[in-house]
Amino acid sequence: MPTRSTSAARAGLRWPRRGRLAARVALAATGCIVGCLLGELAIRLVLGEQPKFARHVVRAPWGIRYNDPSSRYRHRSADVDVEFAINRQGMRCDHDVEHAKPAGRRRIVSLGDSYTIGYEVAANETFSSVLEARLRAAGLDVEVLNCGVSGFSNAEECLYLERELLNYSPDLVLVSFFDNDLDDNGRTGLFQVDGERLLPAAQEYVPGSELADWLNRSTLFNFLSERSDAFVFVKEALTCLLKHEAIVLHAAEAPPSRGKDEPAPASAVPSKPVLTPEQQAKRKLCALIFERLYSVARAHGIPFVVQSIAGESPVDHALAEWFPLELFDVHWPGFEFVSTIDLLRPWNGKELLYWRRSHHHWTPFAHRLAGEELARRILDKKLLQ
């Protein structure tokens, strides 16, 4: 039986061991903090300030993604410092919007990706806001609902319109296309092509599902996304990798198209006159999705406007049109096609159209040109009358 002095001696040995453990934990924690700080410094010195654009995108009740309702956040980069306010309906708007439309008011739903929601510009600088302001200046009682979602594809925009946005009784549907939609449409796996037909292939698409929802609502995750260069660098690298994996996976699973396999005319795609079969398949899927969007709008008596956002080469800043014009009839009744390449080309090299040190989105100047052109087309064609 141990004596009191023996027990005291053992207790005395345990405390130093616990002290050493605490010291090791503290040392490890200090090492992690110092490592993170060095990582931050290295990224900033070598690569420069990273665009810190937190993506508050979560699962919507209708099975796809939308902006996290009632969220407030900031986007920062070497070019911009912008506030975002998302209403309870998941739109970039500082007030809520009811399904019921006020008497006498006309309503436009504006669908698209990060260009539409307005990455790198203030809310009142987006082309949707400029469009609304110009139409109101022309005497119309109109509101433009900014329903853009970062990372959205045309496939998701189609289901968003069918499942939710028609409830707002729109008088006009505006969908903006950007060249990455050609990849993103296939990545979702929502539709597939069977000959000349577009067939539903899945009912839902929420990449990352519950984990993505949790992360995009996480206070710590969003804190780091808005403030840490090293964290953003790693996050963007992983996001690009996962997107690539999804595109490859859906391309491998997609059934072969039995439609015509003719290359697009050089006039339709100036920078790529000869397209591979994979590129042709992406363009065909995109064109059929837009045909479905048009059919949905037409069935409800709603004019349909497509804005094609010109892509810019990061090397020589040349502009390119990527919409599948060779596969889509732009002369249908109740349809208006607005290509921004001719709109922006006279200003290319004279004004800054795309931010250079961020995610290469439109500047306020380009947004203003687009919003004014959309307003002019809508007024000239009397699409809201």
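Which strands does helix α11 (residues 364-380) lie across? Helix α11 lies across β6, β8, β11 and β14, and runs at about 150° to β14; here axes are lines fitted to C-alpha atoms, for helices over the stretch in contact, and angles run from 0 to 180 degrees between N-to-C directions.

This is a predicted model, in which local features need pLDDT of at least 70 and side-chain atom pairs count only at pLDDT 80 or more, while totals for chains, interfaces and linings use all residues. Residues are numbered from 1 along each chain as its sequence is written, and side-chain values use heavy atoms, with hydrogens and water left out.

Helices (H or I, at least four residues) and strands (E, at least two) are DSSP runs, numbered from the N terminus. Five strands form an open sheet with parallel pairing, in the order β7-β6-β8-β11-β14, where two strands pair if DSSP finds at least two bridges between them. Because β7 and β14 (335-339) each have a single partner strand, they stand at the edges, and one side of each is left without a neighbour in the sheet. From one strand to the next, the twist averages 20°.

| Helix | Strands | Angle |
|---|---|---|
| α9 (residues 277-299) | touches β8, β11 (304-308) and β14 | about 150° with β11 |
| α11 (residues 364-380) | lies across β6, β8, β11 and β14 | about 150° to β14 |

Within the sheet, strand β6 (residues 106-111) is joined to strand β8 (residues 172-177) by four bridges, and L111 has V175 as its bridge partner in β8.

How values were computed. Contact means heavy atoms within 4.5 Å.
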